Amino acid sequence: MHWDRLFEDLEGQLASDWEAERAVLDAESERLRIAKLDLRGRLRTLCSAGTDATIDLVNGRRLPVTLQALGADWLAVASRDVGGSRHTTDTAASALILPLHAVAGITTDHGMILASLDDSATEVHPLRERMTLGFVLRDLARRRVPVHISVHVGDDAHGTIDRAAADHLDLALHDPGQARLAGAVHGFRIIPFSTLVAVRTPGDQLR
């Protein structure tokens, strides 16, 4: 009986040591996995879940949005009110394209923060994620979609993109609600992509 109790104690101690070692290895493995996780992976998960969030932009603005899609260097979101629902008025029912370089921070609930750490089950859209900001802007120019553009420094601008080049766009300035007609245009502006903070479009234009 003495030896039986001794061996039982040793077995219990060994099992406890193994569990402790396994927990250390699991924790280290998780730390290494998270160390390799990039922002795109987390944004992909948040977009896939249609996460409601508040985005801080580099120009100091805060936008309550619903995350929708991730491109090569941009994020597509839908504007929403502070209560969490999407706007329904014509002026506010809009979609925004946010260059990733313009995103200063993302605030969302803790559950989604934790969920975004696991991107293993998130669907990847290879073609969409290869679309650059320039590709999307050239499509808006081709379809003559009116846009409202915010930049890092300076006033917002409204108009229609005439063309999008490698690293900049040409914007024909006109008032909201007007078509891009010669008589409606009151100026032209060249805007480098590097200064873009947000490109807002009518919501139904990006479906």
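This is a predicted model: local features need pLDDT of at least 70, side-chain atom pairs count only at pLDDT 80 or more; totals for chains, interfaces and linings use all residues.
Arg 44 is buried, with 16% relative accessibility (buried means under 20% relative accessible area, exposed over 50%, partly exposed in between, with a 1.4 Å probe and protein chains only). Residues are numbered from 1 along each chain as its sequence is written, and side-chain values use heavy atoms, leaving out hydrogens and water.

**View 1. Arg 44 pairs up with Glu 129.** The two form a salt bridge (a side-chain nitrogen of Lys or Arg within 4 Å of a carboxyl oxygen of Asp or Glu), with their closest N and O atoms 2.8 Å apart. Arg 44 sits in helix α2 (residues 39–48) and Glu 129 in the loop between α3 (110–115) and α4 (133–142), so the bridge ties together parts 85 residues apart in sequence. Helices (H or I, at least four residues) and strands (E, at least two) are DSSP runs, numbered from the N terminus. Glu 129 is buried too, at 13%.

**View 2. Asp 56 meets Arg 62.** Here the closest N and O atoms of the salt bridge are 2.5 Å apart. Asp 56 is partly exposed, at 21% relative accessible area.

**View 3. Asp 162 holds on to Arg 180.** Their closest N and O atoms are 3.0 Å apart. Asp 162 belongs to strand β7 (residues 157–164) and Arg 180 to the loop between β8 (168–173) and β9 (187–192), so this pair links parts 18 residues apart in sequence. Asp 162 is buried at 17%, while Arg 180 is partly exposed at 26%.

**View 4. Arg 40, Arg 44 and Glu 129 make one network.** Salt bridges with shared partners join these residues. The count comes to 10 salt bridges.
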